Amino acid sequence: VSSKVYPAMSKLEMIVKQRRLDVAEAKTRVAAEALRARVAAAAPPNDFAAVLSKSGPMALLAEMKRASPSKGDIAPHTDAAQQGLTYALAGACTISVLTEPSWFKGSLDDLARVRAALVAGGLGEEVCVLRKDFIVDEYQLLEARAHGADTALLIVAALSAAELSSLMAFSRSLGMEPLVEAANEGEMRVALDAGARVIGVNNRNLHTFEVDMTTTSRCAALVPSGSSVRLLALSGVATRSDVTALADVGACGVLVGESLMRADSPAGLARELLGLPPPRALCKVCGVRDAETAAAAAKAGADLIGVILAPSKRQVSVGEAAAIVAAVREARPRPKGWALPRFP
């Protein structure tokens with residue numbers, strides 16, 4: 001474990017202390033049994049470890065984060081559902097949602113809305129949702145599952161070894177393989193000894209908030225040869241070169257927050273981080289007036305077909321529009337499970 005001496009109470013300790021108070025208050029508002037009932041009625045969670053495995057060679061966990069203790073406001077007015085769906089459509093396999101309210105300006109509602117947007121967009125079974133918070137109580141894991149999470153973050157530095165093992169077991173009992181976070185070699189050993197299957201190495205020291213990108217390589221060296229542990233790199237990732245460098249030392253994925261939240265085009269940066277080419281331009285045929293033309297456009301590869309219902313020289317009636325839609329559906333059937341994205 002790091003030998004550095006920290007102030008009487010570090011920022012991490014302050015946040016954890018407040019979250020314990022928050023949990024105690026939340027339990028007075030919503031009983032654990034009510035959360036258990038919601039969990040029982042919910043669809044089963046996605047298999048986080050399996051999704052990571054299918055997302056190789058490098059998985060992207062893209063984060064919805066409005067603010068942070070070290071940077072203050074980052075993107076305070078961002079809509080969580082829209083941001084999460086944007087990430088997923090750009091190739092992220094997991095959407096990390098900060099739910100801590102005081103320092104990160106997140107909420108459980110953000111978590112639920114991201115899940116709803118993924119389901120509405122037909123990505124509910126392909127993309128995982130991570131509750132990223134300072135989890136110190138089983139109640140928070142019930143909250144996570146009840147609000148649509150597939151996995152949850154457990155921070156070694158915030159828990160005793162016994163607490164970590166207990167929370168890992170409880171998370172798995174809910175069907176969620178947890179993401180266990182380590183920020184130095186000592187914490188990495190604790191995570192491995194606890195049997196963590198997915199470990200995220202935080203390149204940011206949670207006591208000082210300093211970033212050291214060599215932390216991932218030092219911790220990766222402790223993973224036994226042939227181990228099935230999946231190693232992720234957290235914090236400090238901003239460029240494709242960062243991603244490739246982390247892949248070279250053994251990471252199978254990266255979690256990126258601030259860079260994506262500040263990007264002019266989050267989708268563009270997500271694709272760049274994954275080494276994907278820019279998406280192709282879309283073709284729209286506008287002002288279509290009859291079913292035959294619409295079908296021909298669909299068969300020719302048009303991505304979008306527009307009709308005009310407002311007064312215009314190319315105006316069509318509702319009946320004509322319905323015939324155009326039917327012709328397009330016949331020419332280009334929608335894939336199974338397709339749904340128009342909706343933002344609650």
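What percentage of the 344 residues of the chain count as buried? The figure is 47%. The model is predicted. The chain holds 14 helices and 12 strands, and its C-alpha trace spans about 75 × 45 × 40 Å along the principal axes. Among contacts in the chain with a separation of 6 or more, 66% are between residues 24 or more positions apart.

**Helix 4 and helix 5**

- Helix 4 covers residues 80-90 and helix 5 covers residues 108-120.
- The two helices pack at an angle of about 45°, and their axes lie 8 Å apart.
- An angle counts as roughly parallel when under 35 degrees and as roughly perpendicular from 65 to 115, so helix 4 and helix 5 are oblique to each other.
- Helix 4 crosses helix 5 in a right-handed sense.
- On the helix 4 side, the contact involves Ala80, Ala81, Gly84, Leu85 and Ala88; on the helix 5 side, Asp110, Arg113, Val114, Ala117 and Leu118 take part.
- Sorted by class, the residues of this contact are seven nonpolar, one polar and two charged.

**Helix 6 and helix 7**

- Helix 6 runs over residues 138-146 and helix 7 over residues 161-173.
- Their packing angle is about 25°, with the axes 10 Å apart.
- Because angles under 35 degrees count as roughly parallel, helix 6 and helix 7 are described as roughly parallel to each other.
- The crossing of helix 6 and helix 7 is right-handed.
- Glu138, Leu141 and Leu142 of helix 6 make the contact with Ser166, Leu167, Phe170 and Ser171 of helix 7.
- By class, the residues in the contact of helix 6 with helix 7 are four nonpolar, two polar and one charged.

**Gln140 in helix 6**

- Gln140 is a residue of helix 6.
- The relative accessible area of Gln140 is 0%, so Gln140 is buried.
- Apart from neighbours within four places in sequence, Gln140 is in contact with Arg19, Val23, Arg131, Phe134 and Ile135.

**Cysteines**

- The model has zero disulfides, where a disulfide requires a pair of cysteine sulfur atoms within 2.5 Å.
- For Cys128, the closest cysteine sulfur is that of Cys93, at 6.8 Å, so the two are too far apart for a bond.
- Cys128 has 0% relative accessibility and therefore counts as buried.
- Cys283 is likewise in no disulfide; the nearest cysteine sulfur belongs to Cys286 and is 8.9 Å away.
- Cys283 counts as partly exposed because its relative accessibility is 40%, which falls between the limits of under 20% for buried and over 50% for exposed.

**Glu292 in helix 13**

- Glu292 is located in helix 13, which covers residues 291-300.
- With a relative accessibility of 67%, Glu292 counts as exposed, the cut-off being over 50%.
- In sequence, Glu292 and Ala327 are 35 residues apart, while their C-alpha atoms are 7.4 Å apart in space.

Notes
Residues numbered from 1 in each chain as written. Predicted model: local features only at pLDDT ≥ 70, side-chain atom pairs only at ≥ 80, totals over all residues. Heavy atoms only, no water. Axes fitted to C-alpha atoms, helices over the stretch in contact; angles between N-to-C directions. Helix = DSSP H or I, 4+ residues; strand = E, 2+ residues; numbered from the N terminus. Parallel < 35°, antiparallel > 145°, perpendicular 65-115°, else oblique. Left-handed = near helix turned anticlockwise from the far one by under 90°. Contact = heavy atoms within 4.5 Å. Nonpolar A, V, L, I, M, F, W, Y, C, P; charged D, E, K, R; others polar. Buried < 20%, exposed > 50% of the residue type's maximum accessible area, 1.4 Å probe, protein only.
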